[in-house]
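Here are a few friendly notes to read with the structure open beside you. They cover backbone angles, aromatic pairs and charges over rings.

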Amino acid sequence: MSWFVTGTDTGVGKTWFSRLLVQALRGEGLNAAGYKPVCCGDRDDVAILAEASGGLDHDKVNPLWLKAGVAPKIAAMLGNVDIDVGSMIVAARQFQKEHETVVVEGAGGWRVPLAEGYDMADFARDLTLPVIVVVGNRLGALNHAILTVEDIRASDLEVAGLVLNNLQEEQDTAAITNKGVIEELTEAPILAEIIHSQDFLDVDPFLKLRG
């Protein structure tokens, strides 16, 4: 079983969660690895995933690196790079063949544009992977989570579950109450709640997804 990890927005902790998940799975003896098909801006996220995956080569974890820290389609335009979607899909599938479990981390949010008429949602659909949604636990999270989950399902993909990531040490009223209603509103299970700076993950809910 592999998963595609998306977020309700950029900066909600997709890489932090993906690292924790890969490490937890490897701790169970699984050949798990993180994969970042496209990275824009600095490559810090790639380094984190590569280290969590047992020290893989950065170019293996991230075959497409665009230097501008903007959406992939715009970064490609600025860098005069032609994104070959077909090659991206082939590379991702080859990486999956080499590992028992792969955590594919998208760039930005669910509908971030990759190429003309093609976005991150299309890429996830072409990989046919169940999707884990990382929700930044803050004011507005409910709206973003509902819209993201609805669009994933409209793409005929499975929502494996949600991960509620607390972005601040102290929780305001919105952050405290979000967890109680988000499962009901999205009809998707919360697989984990990550407190600020948490450096571990209960892997059992994810092992159950694997069957």
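A charge is taken to sit over a ring if NZ of Lys or CZ of Arg is within 6 Å of the ring centre and within 35 degrees of the ring normal. Please keep in mind throughout that this is a predicted model.

1. Let us begin with that criterion. Which ring has the charged end of Arg-19 over it? The ring is that of Trp-16, and the charged end of Arg-19 is 4.5 Å from its centre. Another case involves a lysine: Lys-67 lies over the face of Trp-65, with 4.5 Å to the ring centre.

2. Next come the aromatic pairs. How many does a search of the whole structure find? The search turns up four. One of them is formed by Trp-3 and Phe-206, an edge-to-face pair with 6.4 Å centre to centre and 75° between the planes. This pair links distant parts of the chain, since Trp-3 belongs to strand β1 (residues 3-7) and Phe-206 to helix α9, 203 residues apart. Trp-3 and Phe-206 are both buried.

3. If you are colouring side chains, you might pick out one group of rings. Ring pairs join Trp-3, Phe-17 and Phe-206 into a cluster.

4. Now for the backbone. Most residues other than glycine have a negative phi. Thr-128 is not a glycine, yet its phi is positive, at about 50°. Where is Thr-128 in the chain? Thr-128 lies in the loop between α6 (120-127) and β8 (131-136). Thr-128 counts as exposed because its relative accessibility is 58%, and the cut-off for exposed is over 50%.

5. You will find Ser-197 in the loop between β10 (190-194) and α9 (204-210). With a relative accessibility of 52%, Ser-197 counts as exposed.

Note on methods: Residues are numbered from 1 along each chain as its sequence is written. This is a predicted model: local features need pLDDT of at least 70, side-chain atom pairs count only at pLDDT 80 or more; totals for chains, interfaces and linings use all residues. Side-chain values use heavy atoms; hydrogens and water are left out. Helices (H or I, at least four residues) and strands (E, at least two) are DSSP runs, numbered from the N terminus. Buried means under 20% relative accessible area, exposed over 50%, partly exposed in between (1.4 Å probe, protein chains only). Rings of Phe, Tyr and Trp (its six-membered ring) pair if their centres lie within 6.5 Å; planes under 30 degrees apart count as stacked, over 60 as edge-to-face and the rest as tilted.
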